[in-house]
Amino acid sequence: MDVRLTPKEFELLRYLVSHEGKPVTHRELLQAIWGPDYGDEPEYLRVFINQVRKKIEPNPAKPKYILTEPWVGYKFVSPQ
């Protein structure tokens with residue numbers, strides 16, 4: 001299955017995959033992808049996470065790969 005990701009979507013997914021199984025905070029993700037001036041814009045992240053989920057999840061409403069860690073951030077879990 002081919003998935004077309006924008007450069008930012010790819011960076012976001014690559015970063016999450018590189019930290020597989022570990023929760024990554026909103027601030028860490030924002031600063032890693034958008035730069036050190038970011039960190040207080042979780043709405044950016046929400047939009048991009050939703051876009052990536054629509055492209056890679058079988059059912060984006062019930063994600064299996066990119067999981068939300070409430071009040072922390074997100075975690076990538078690889079398909080078994």
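## Reading helix packing and the core

Modeller: Let's start with a pair of helices: helix 2 and helix 3 lie roughly perpendicular to each other. Keep in mind that this is a predicted model.

Colleague: Happy to start there! How are two packed helices described?

Modeller: The description takes two values, the angle between the axes and the distance between them. In this structure, the axes of helix 2 and helix 3 cross at roughly 80 degrees and come within 10 Å. Angles of 65 to 115 degrees count as roughly perpendicular, so this pair gets that label.

Colleague: Which residues of helix 2 and helix 3 meet?

Modeller: From helix 2 there are H26, L29, L30 and W34, and they meet P42, Y44, L45 and F48 of helix 3. Sorted by class, that contact has seven nonpolar residues, one polar residue and no charged ones.

Colleague: Now the other pair. At what angle do helix 1 and helix 2 pack, and how far apart are their axes?

Modeller: Their angle is about 130 degrees, and the axes are 10 Å apart. That angle makes helix 1 oblique to helix 2. As for handedness, helix 1 passes helix 2 in a right-handed crossing.

Colleague: And which residues of helix 1 meet helix 2?

Modeller: On the helix 1 side you will find K8, E11, L12, Y15 and L16, which meet E28, L29, A32, I33 and W34 in helix 2. This contact divides into seven nonpolar, no polar and three charged residues.

Colleague: Let's go inside. Which residues touch the most other members of the largest nonpolar core?

Modeller: That core has 18 residues, and the ones touching the most other members are L12, L16, L29, L45, I49, I66 and Y74. At least two core residues come from each of helix 1 (7-18), helix 2 (26-34), helix 3 (42-56) and strand 3 (73-76). Helix 3 gives the largest share, five residues.

Colleague: Could you zoom in on L12? What is L12 in contact with, leaving aside its neighbours within four places in sequence?

Modeller: L12 is in contact with L29, I33, L45, F48 and I49.

Notes. Residues numbered from 1 in each chain as written. Predicted model: local features only at pLDDT ≥ 70, side-chain atom pairs only at ≥ 80, totals over all residues. Heavy atoms only, no water. Core = buried A, V, L, I, M, F, W, Y, C linked by side-chain atoms within 4.5 Å. Buried < 20%, exposed > 50% of the residue type's maximum accessible area, 1.4 Å probe, protein only. Helix = DSSP H or I, 4+ residues; strand = E, 2+ residues; numbered from the N terminus. Contact = heavy atoms within 4.5 Å. Axes fitted to C-alpha atoms, helices over the stretch in contact; angles between N-to-C directions. Parallel < 35°, antiparallel > 145°, perpendicular 65-115°, else oblique. Left-handed = near helix turned anticlockwise from the far one by under 90°. Nonpolar A, V, L, I, M, F, W, Y, C, P; charged D, E, K, R; others polar.
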